[in-house]
Amino acid sequence: MLHDRVLVRSDTPEGERRSGGGILIPATAAVGRRLAWAEVVAVGQNVRTVEAGDRVLYDPEDRAEVEVRGVSYVLMRERDLHAVASERVDEGTTGLYL
């Protein structure tokens, strides 16, 4: 990975999904702008706020998809991330920062 790039693997597959109440929502349903969670797989040498293994929130419409060895990933800049959910937390913090 180069510079400030982050490679992530999406948590949610494309296509149909279920609501919290169990209702099936088809892939063709129009929904408002939704952000998506993904797991960080690799980071460039200039990335300062995330590490491999962190979960990040990003806009799926602002993405560049790449396939490596049959697995789909999303490549983006660090500045395009909206939030980070990290396991490395200090005492008294929530582990989620924006």
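This is a short tour of the structure, stop by stop.

**Before you start.** The model is predicted, so local features need pLDDT of at least 70 and side-chain atom pairs count only at pLDDT 80 or more, while totals for chains, interfaces and linings use all residues. Residues are numbered from 1 along each chain as its sequence is written, and side-chain values use heavy atoms, with hydrogens and water left out.

**Whole chain.** Select the protein chain and colour by secondary structure. There are zero helices and nine strands. Here helices (H or I, at least four residues) and strands (E, at least two) are DSSP runs, numbered from the N terminus. The order along the sequence is β-β-β-β-β-β-β-β-β.

Now show the surface. The accessible area is about 7,000 Å², and carbon and sulfur atoms hold 50% of that. Areas come from the Shrake-Rupley method with a 1.4 Å probe; for residues, only the protein chains shown count as cover. Of the 98 residues, 24% are buried. Buried means under 20% relative accessible area, exposed over 50%, partly exposed in between (1.4 Å probe, protein chains only).

Contacts come next (heavy atoms within 4.5 Å). Among those with a separation of 6 or more, 62% join residues 24 or more positions apart.

**Stop 1: Met-1.** Select Met-1, in the segment before strand E1 (5-10). Met-1 is partly exposed, at 39% relative accessible area.

Stop 2: Select residues 64-68 (E6) and 71-77 (E7), an antiparallel pair with five bridges. Pairing requires at least two DSSP bridges between the strands. Val-68 has Val-71 of E7 as its bridge partner. Two residues lie between the strands, and Arg-69 takes a positive phi near 50 degrees.

**Stop 3: Val-84.** Move to strand E8, which holds Val-84. Val-84 is buried, at 5% relative accessibility.

**Stop 4: Ser-86.** Go on to Ser-86, in the loop between E8 (81-85) and E9 (96-97). Ser-86 is buried, with a relative accessible area of 8%. Finish at Val-50, which is 36 residues from Ser-86 in sequence and 8.2 Å away, C-alpha to C-alpha.
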